[in-house]
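Welcome, and please take a moment to look over the sequence and the structure below.

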Amino acid sequence: MRRIFVFGDSHTRAILQAAEIASCDDVSIDVHWMRTEKDGKVQGDLDYEDAKAVASSLEPTDLMAISLLGTRHNLVGLLRHEQPFTVHGTDGAPCSDEGELIPRAVMEDVFAAASQKNKRIAELRNLSRAPVYHLVTPPPKGDNDYLKSRIMSKVAGEFDVSPAALRLALWQLEMQAVKRVCEGWNVLLLPAHPQAFDEHGFLKHEYYASDATHANRAYGALVLEQLRGVLNAGEKIG
Amino acid sequence: LDRHQHPYKALPAKAFWKRSVAAPAPAEVDPVGRFTLRIDERSRVATAGSCFAQHIARHLRQSGFTYHIAEEGHPLLPQSVKGAHHYGTFSARYGNIYTARQLHQLFQRAYGEFFPAEPAWVEADGRVVDPFRPTIQPGGYVSVVEMEADREQHLRSVRKMFETLDVFVFTLGLTECWVSREDGAAFPLCPGVEGGTFDAEKYTFLNQDVNQVLEDMRAFIAGLKRVNPAAHVMLTVSPVPLMATAEPDDHVLSATTYSKSVLRVAAGMLEREYNHVHYFPSYEIITGSYARGAYFANDLRSVLEDGVGHVMRLFLKHATGGATSAPAPAKAAAEEVLNHAAQALVDVECDESALDRS
């Protein structure tokens, strides 16, 4: 039986949830969150070294999907920066009226520089005989009130979320950077499922998880659908 | 009267070639003459000019002085990205300013006195390039609107720089430039080299003479005085030869001599004309025959780190009134010098090299 091995960060959770209820007799789907420990708190269920062993065991007809990059846009721009900044959207208009302009090429390089530091993706790519894809992270959520309500309990003191247009532009720029960096490692980027976007390019409400940055099981099902499509058709997406 | 007395009898050693140029070890040659500029660690020193000015900027940063940067880039940007996109290469993100005309027009543009008619350059792949700083951003801009917004932000920073600096170090690089036939706007690089399309109907070659350089520099100096009465100006002439000349039928070596001579004469005249304008002989330090060409790399153009070090040692010695230690004549082993030089060369972007890719 052919295998799909998904390995990555917290965004794998939605995929795992979907895989748990998916009926797939023809494919073995194995989804793991990389185990990390920070301040005594352990997250994830598979050590990186064990993931390397799994990657090495894959056959050329299998598929590996990684989700380790693509979260920096949240660190950069989910909350309003104390020194506001803006970038221009794809429509050419600035995403906010205030703050220092960071040209898109510059911001994309900020994300590329951060992505480039992660050596694990190239290492996994080299170990695997199966095609290796990197997953995009879920598109940003456009509902400011929703975000505020989810962030309120987690952030001490006053805060404000960045303008939605800025968050969207940052996500798009990071995905461009991740695509560029991954292609350098011979890893293709699997774009988000077209069905996941609302008419403005944000994540549709129905795919929101209960926090500010993650998507839900239904979104995970979309990713699984894409992965199975890649595996079965041998098609290249990205 | 003592018939053996004459004016040369009372002159110091530095007035005599044999004693001050031929006899000392090369690293000890100090051709600085009259130089009254003084800086301390609090003085805000800003830089602009040709490639060689990048070396000055780099050394100022490393030597504990206040290298004044008015356009630093947002704190989100890591140093590697800032460097690649030329934040901090000079005091504002203007790229190389090779000619007096360019400097004068930069000032005019910053203060709304000149609005060049030249539109943004839109490349075949959709990238947008700023004609007045075509190499400033790898990847270019995504739209004309973005380029114009960044230019507006840049010119704001230029104004801030001029108004808050204590010393403006400007390295005069070239007399040759290309200008718009429509309004005389001067480009740092010939259109078509790093963006845009060359069109002889739109652009024309200009090789400035001394009077034109003086006119531009005087206008700039007056403008700076207006917005920052206490500012000092330090002029240097870049020792880097021309990559290529567009002067019809001229040889590049001869064209280099013309260009550097014009700039050197202009710098000397300006230094004599204004009390707050100073000349520092970095050109002489690098190109002087005492060095026997040792300060140039194998391409006979790029300045090696040893030479830059010599310039900066003397600059800091004289500008701080001798507060820094004397130059160390010791030389590193040849291989180390080459490696060190290679590193420094890699760090200095010289977009003029785009003229000759053969």
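Is Glu273(B) buried, partly exposed or exposed? With a relative accessibility of 39%, Glu273(B) counts as partly exposed. Please keep in mind that this is a predicted model.

## Salt bridges

Over all chains, the structure holds 27 salt bridges. The table shows three of them.

| Salt bridge | N to O distance |
|---|---|
| Arg129(A) and Glu59(A) | 3.3 Å |
| Glu305(B) and Arg58(B) | 2.9 Å |

Let us take the pair in chain A. The side chains of Arg129(A) and Glu59(A) meet in a salt bridge. Arg129(A) sits in the loop between helix 5 (120–127) and strand 8 (132–135) of chain A, and Glu59(A) in the loop between helix 2 (48–57) and strand 5 (63–67) of chain A, so the bridge ties together parts that are 70 residues apart in sequence. Arg129(A) is partly exposed, with a relative accessible area of 48%, and Glu59(A) is partly exposed as well, with 38%.

Next comes the pair of Glu305(B) and Arg58(B), whose side chains meet in a salt bridge. Because Glu305(B) lies in helix 9 (residues 305–319) of chain B and Arg58(B) in helix 2 (residues 51–62) of chain B, this pair ties together parts that are 247 residues apart in sequence. Both Glu305(B) and Arg58(B) are buried.

## A network around Arg133(B)

In chain B, a network of them links Arg93(B), Asp130(B), Arg133(B), Asp150(B) and Arg151(B).

Where is Arg133(B) found? Arg133(B) is in the loop between strand 4 (128–129) and helix 5 of chain B. At 4% relative accessibility, Arg133(B) counts as buried, because the cut-off for that word is under 20%. The side chain of Arg133(B) is joined to that of Asp150(B) by a polar contact of 3.1 Å, and to that of Tyr141(B) by a polar contact of 3.4 Å. Leaving aside residues up to four places away in sequence, Arg133(B) touches several residues, including Tyr94(B), His154(B) and Pro188(B).

## Aromatic pairs

Now for the rings. A pair of aromatic rings is described by the distance of the centres and the angle of the planes. The structure holds 21 such pairs over all chains. One of them is formed by Phe107(B) and Phe162(B), and it is tilted, with 5.2 Å centre to centre and 50° between the planes. Phe107(B) lies in helix 4 (residues 100–110) of chain B and Phe162(B) in helix 5 of chain B, so the pair ties together parts that are 55 residues apart in sequence. Phe107(B) is buried, with a relative accessible area of 1%, and Phe162(B) counts as buried at 0%.

Trp178(B) and Phe205(B) form another tilted pair, at 5.4 Å centre to centre and 55° between the planes. This pair links distant parts of the chain: Trp178(B) is in strand 6 (residues 176–180) of chain B and Phe205(B) in strand 8 (residues 203–207) of chain B, 27 residues apart. Trp178(B) and Phe205(B) also belong to a cluster linked by ring pairs, with Trp121(B), Phe132(B), Phe187(B), Phe198(B) and Tyr203(B).

## Where the chains meet

How many residues of chain B are in contact with chain A? The contact involves 22 residues of chain B and 18 residues of chain A. About 1600 Å² is buried between the two chains, and carbon and sulfur atoms give 69% of this area. On the side of chain B, His74(B), Leu76(B) and Glu146(B) lose the most area to chain A, together 37% of what that side buries.

Across this interface the rule finds zero salt bridges, while five residue pairs are in polar contact, with both residues at pLDDT 80 or more. Helix 3 (79–84) and helix 5 (144–164) of chain B each supply at least two residues of the side that touches chain A. Helix 5 of chain B gives the most, with five residues. By kind, the residues on that side of chain B divide into 11 nonpolar, eight polar and three charged.

Note on methods. Residues numbered from 1 in each chain as written. Chains lettered and ligands numbered in written order. Heavy atoms only, no water. Contact = heavy atoms within 4.5 Å. Buried area = accessible area lost by both parts, 1.4 Å probe. Salt bridge = Lys/Arg side-chain N within 4 Å of Asp/Glu carboxyl O. Polar contact = N/O pair within 3.5 Å; in protein donor to acceptor, adjacent residues only side chain to side chain. Helix = DSSP H or I, 4+ residues; strand = E, 2+ residues; numbered from the N terminus. Nonpolar A, V, L, I, M, F, W, Y, C, P; charged D, E, K, R; others polar. Buried < 20%, exposed > 50% of the residue type's maximum accessible area, 1.4 Å probe, protein only. Phe/Tyr/Trp six-rings, centres within 6.5 Å; stacked < 30°, edge-to-face > 60°.
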